[in-house]
Amino acid sequence: MVRLIFVSLFLFGSTCHAQQARIVKLADLQQLMSHSDDTLHVINFWATWCGPCIKELPYFEKVAASGVRVTLVSMDLELDPDPKKVYKFIERKGLQSEVVLLDEQDPNTYINKIDQRWSGALPATIIINHSTGQRIFVERSLREGELEQLLSEI
Amino acid sequence: MLAFFAIVLTAANPVTSGYGIGDTVSDFKLKNFDGRMISLSDYKSSKGVILIFDCNTCPYSKAYNDRIIALHKKYGPQGYPVVTINSNDGKQSPGDSFEQMVARAKQKNYDFPYLLDESQEVARAFGATNTPHVFVLRNSGQGFVVSYIGAIDNNSRNGDQASKKYVEDAVNALLEGKNVPTLQTKAVGCGIKWKDA
């Protein structure tokens with residue numbers, strides 16, 4: 001009985017706590033961006049060294065908390081192959097959104113495969129409506145409330 | 001609804017235009033770290049210019065700093081000097097203020113310009129998006145023609161391990177009168193810190 005309670009608490013705790021960030025290849029990211037059970041999907045490209053990216057993270061967290069699927073794609077591995085800095089950052093900030101770390105080395109090829117409109121500059125955000133296939137792309141940091149505005153328009 | 005959506009899309013990105021390959025660029029005049037004013041037209045007797053939008057704070061700029069200095073060392077004597085421009089808003093990014101630019105240029109003994117693009121007009125005219133962002137300009141005799149746009153190489157972590165050195169390939173081709181093999185590339189980097197509208 002005690003064991004059952006313990007396991008239940010553990011499972012409950014696991015689903016409430018943000019999952020450990022996954023390291024993904026381009027194909028995984030493309031898969032994630034093209035298939036979703038959720039209609040709306042917000043994908044933000046950021047890095048722990050990017051000031052404007054960190055400043056807008058609370059807006060994504062807020063939207064994620066409201067039930068919209070949010071994926072934060074860390075580009076940290078591009079410059080530093082050690083993911084520990086990202087894991088520590090996630091823990092320190094208590095990020096609840098799904099975080100993935102992109103592990104690819106030829107940006108000139110993969111940037112266009114992610115979105116042709118993207119120059120590669122951070123931060124950048126893509127909002128996808130999976131049922132209509134429509135995509136909004138924004139290549140700058142978002143202002144407060146802007147994400148909700150864009151979500152209502154897509 | 002569609003028109004409104006179009007407005008949202010175009011308003012969303014600060015730079016949607018800029019020079020393309022083959023364009024002749026307008027002259028500009030900006031303040032150098034040593035206080036002098038430098039114009040692109042000052043280089044009218046050079047074969048060209050390796051123009052790089054750069055800054056102090058971006059980790060990519062830091063990672064490429066030695067490579068930028070090396071490009072000037074190699075190509076300056078061959079007629080393609082480096083000119084760097086900082087277009088970041090110093091208010092949003094104090095580490096990119098003019099004083100900090102002076103400190104960086106002196107610390108690394110810059111023997112090429114590090115210009116302040118205070119109004120960000122030059123960055124907008126070129127369509128620069130992140131740092132570092134290279135525009136190789138060939139002097140046609142009637143002006144400076146954009147001949148390569150993009151990244152310095154394809155390995156931000158380690159230049160020695162880069163399998164493609166885009167800027168070197170471009171300048172070598174121009175010096176030999178050949179076609180630039182790769183005209184335009186993209187790279188991950190820090191977005192230019194645009195002033196708040």
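## Secondary structure of chain A

Chain A of this predicted model contains six helices and seven strands. Helices (H or I, at least four residues) and strands (E, at least two) are DSSP runs, numbered from the N terminus. Read from the N terminus on, the order of elements in chain A is α-β-α-β-α-β-α-β-α-β-β-β-α.

Of the 154 residues in chain A, 31% are buried. A residue is buried if 20 or more other C-beta atoms, placed from the backbone, lie within 10 Å of its own.

Two residues are in contact if their C-beta atoms, placed from the backbone, lie within 7 Å. Among contacts in chain A with a separation of 6 or more, 74% join residues 24 or more positions apart.

## Interface between chains A and B

On chain B, 21 residues are in contact with 21 residues of chain A. At least two residues of this side of chain B come from each of α1 (2–12), α2 (59–75) and β9 (189–191). The largest share, four residues, is supplied by α1(B).

By class, the side of chain B that touches chain A has 11 nonpolar, eight polar and two charged residues. Ala, Val, Leu, Ile, Met, Phe, Trp, Tyr, Cys and Pro count as nonpolar, Asp, Glu, Lys and Arg as charged, and the others, Gly among them, as polar.

## Strand pairing across the interface

Strand β5 (residues 121–122) of chain A pairs with β9(B) in the parallel sense, over two bridges; pairing requires that DSSP find at least two bridges between the strands. Opposite A:Leu122 stands B:Cys190 in β9(B).

## Conventions

Residues are numbered from 1 along each chain as its sequence is written, and chains are lettered from A and ligands numbered from 1 in the order in which they are written. In this predicted model, local features need pLDDT of at least 70 and side-chain atom pairs count only at pLDDT 80 or more, while totals for chains, interfaces and linings use all residues.

Terms used. A residue is buried if 20 or more other C-beta atoms lie within 10 Å of its own, exposed if 12 or fewer, and partly exposed in between; C-beta atoms are placed from the backbone.
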